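Please walk through the structure below, one chain at a time.

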Amino acid sequence: MQRIFVYLSSFLICLSVITASAQKKKQIVLPPDSTKWLNGLTVHVDAASLIIPTFSSNVLYSSEGGIQLDLKHKIFPTLELGYGGANKLEADNSGFKTNGLFERIGVDFNLRKRKPDSKPTNNLFVAGVRLGMSHFNYNVTNVSVTDQYWGGTESLNFLNQSSTKIWYEFVVGVQVEVLKNFYMGWYIRNKNLISQDNPGAVAPWYIPGFGQNNGASWGFNYTLGYHFLSPKKNLMRNKIPNQTTNNQLKK
Amino acid sequence: MNKSIFIVLAFSFILNSCVTDVTCTQTTYVKLTAGFYHVIPNDTTSLYTYVPFSVDSLTVQGLKFDSTTRQYHLVDSILYNKINSQSSINLPLNNFALQSKFKITFNTIVDTLSIYHTNINDYLSLECGCIKLHTIDTVIMTKHYIDSVKITNHNVNALNAENIRLFK
């Protein structure tokens, strides 16, 4: 009997504490979000692409950069441009050579939740999507066809082939302000081709901006960026409402 | 802040190798398939039924045209050498000629099969290279053992489907 009493009383105490805290939570009135819509833009370059030739035995090369707008520290529309290529030679002397421009457009979302009373942080954990495109020319050379039974060999060249590829990407990344307005960060990308090759077509081995033509691929970027703040006019405009409020309070 | 910088630096060292060497996994085996059939007439319906059969002591060898001597001579490699219970044969067509000729020996009876075809380049990939597909135009055969020939599928590819029927 005593145990039941202890159990019931402790349960009621817990319930009253939860109810009280819920009531307190209800009483908290969130201040209106004073973050500006446009908080400048970041220009960044990819440092990882500069060392890709080392990791790929000089088969692949690429360089890219981008511009990212900061909307309310939450939404980051992004435009990325780059140039990439490949010079692959197989053991049987057949080769693939290409180079071309690529572009990606997309948006990142800041996943870090900001506490109501805290200042907006410049360190971001983002996830986003991209739509990429590349139009490029390529050569496939010295493709040998042999006839093992009847005998004979033929070497084929497929020159000045042209292709346009479109793909989508899921990206996850981190951006950290290491010095004032200087950012470092990384992105991991999962890339998926939308446009596929027709059977029998001379398909490219490599797609600039996408990677090896395997339907899906992974990418990594190590970004170095500089954040350009909004023009001062915007800053002033954002300060005006607070000043009028203070004046009104003084009166 | 320090924690965030640590995460950035830690991931800066994670760089995967960007080129993966892939070996060819696609089949590059392009051969014509010929099946052996008996023709059985149906007296009531006046239609024919085709029944597959197997041949014994089958020998198949290519006949290559020599442009200097202007004569056909046997290719060194024998495709089938006195094989028993064979219901179909796979024949490689010449990638660089428009005619492929075979000497087919059924025990002691010899027939000659001539296949006229066109050759089409089919690029697979950088790893697999290019193969030749064929389109059969005409098939001509001597009628010592085999009675007649019919083309069932003009396209010779890596799918290993039956292309011609040899009727007895």
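The paragraphs that follow take chain A and then chain B.

This is a predicted model, in which local features need pLDDT of at least 70 and side-chain atom pairs count only at pLDDT 80 or more, while totals for chains, interfaces and linings use all residues. Residues are numbered from 1 along each chain as its sequence is written, and chains are lettered from A and ligands numbered from 1 in the order in which they are written.

In chain A, eight strands form a closed barrel in the order β1-β2-β3-β4-β5-β6-β7-β10, with antiparallel pairing. From one strand to the next the twist averages 25 degrees. Strands here are DSSP runs (E, at least two residues), helices likewise (H or I, at least four), numbered from the N terminus; two strands pair if DSSP finds at least two bridges between them. Strand β3 (residues 75–89) and strand β4 (residues 95–110) of chain A run antiparallel and are joined by 15 bridges. Opposite Lys88(A) stands Phe96(A) in β4(A).

Strand β1 (residues 32–41) of chain B runs antiparallel to β5(B), with four bridges joining the two. Gly35(B) has Ser88(B) in β5(B) as its bridge partner. In a regular strand the side chains alternate between the two faces of the sheet.

Note on methods
Axes are lines fitted to C-alpha atoms, for helices over the stretch in contact, and angles run from 0 to 180 degrees between N-to-C directions.
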